[in-house]
Amino acid sequence: MAECKRCGRCCQDVRLAESPDMLERAYHYWKKSPSIDPNFSEIYLIFPMLRFLYEDRREDLPYHYRCVHYALDADGLPACAIHPIRPRMCRDFPYYDEAEHLDRSGPVSPYEGCGYNEAD
Ligand code: SF4
Ligand code: SF4
């Protein structure tokens, strides 16, 4: 069944199209804009929680980050330290429920072993 297996790979290796510089500039832009609700911007939320790991230009999502909220629970299982208020990109991962136009013929998640790549 397609579901999260709590392997923690997507939190230890968050893959984005945005570079650290792009994220930082967007973050400061939103922060200085009093007329814009900061909660409206996903970028405002995600920049402070990401630590840049590396870039691989051969990939569609070339920028790799680790999330500072990734943790282990009391049983030693991967967990999100801010689970009730985690950003939308995390709640909606792997995005396919509402994205009808996306190609579903291949793996829906870029992470090897991700439970969402298993058949329903
Ligand atoms: S990579 Fe997939 S199975 Fe692993 S934690 Fe993320 S969503 Fe869950
Ligand atoms: S906020 Fe939580 S679910 Fe989202 S990447 Fe970080 S640890 Fe994972």
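## Ligand shells and backbone features

Cys4, Cys7, Cys10, Tyr111 and Cys114 come nearest to ligand 1, out of the 13 residues around it. The model described here is predicted. Around ligand 2 stand Cys11, Val14, Met49, Cys67, His69, Tyr70, Cys80, Ile82, Arg86, Pro87 and Cys90. The two shells divide by residue class as follows.

| Shell | Nonpolar | Polar | Charged |
|---|---|---|---|
| Ligand 2 | nine residues | one residue | one residue |

The next part concerns a strand pair. E2 runs antiparallel to strand E3 (residues 63-67), and five bridges join the two. Within this pair, tyrosine 54 stands opposite histidine 64 of E3.

Two backbone details remain. Most residues other than glycine have a negative phi, and most peptide bonds are trans. Arginine 6 has a positive phi, near 60 degrees, although this residue is not glycine. Arginine 6 lies in the segment before helix H1 (9-12). How many other C-beta atoms lie within 10 Å of arginine 6? There are 13, so arginine 6 is partly exposed; the exposed class ends at 12 or fewer and the buried class begins at 20 or more.

The peptide bond leading from phenylalanine 93 to proline 94 is cis, and its omega is near 0 degrees. Proline 94 belongs to the segment after helix H4 (88-91).

Terms used:
Residues numbered from 1 in each chain as written. Chains lettered and ligands numbered in written order. Predicted model: local features only at pLDDT ≥ 70, side-chain atom pairs only at ≥ 80, totals over all residues. Near = placed C-beta within 6 Å. Nonpolar A, V, L, I, M, F, W, Y, C, P; charged D, E, K, R; others polar. Pairing = 2+ DSSP bridges. Helix = DSSP H or I, 4+ residues; strand = E, 2+ residues; numbered from the N terminus.
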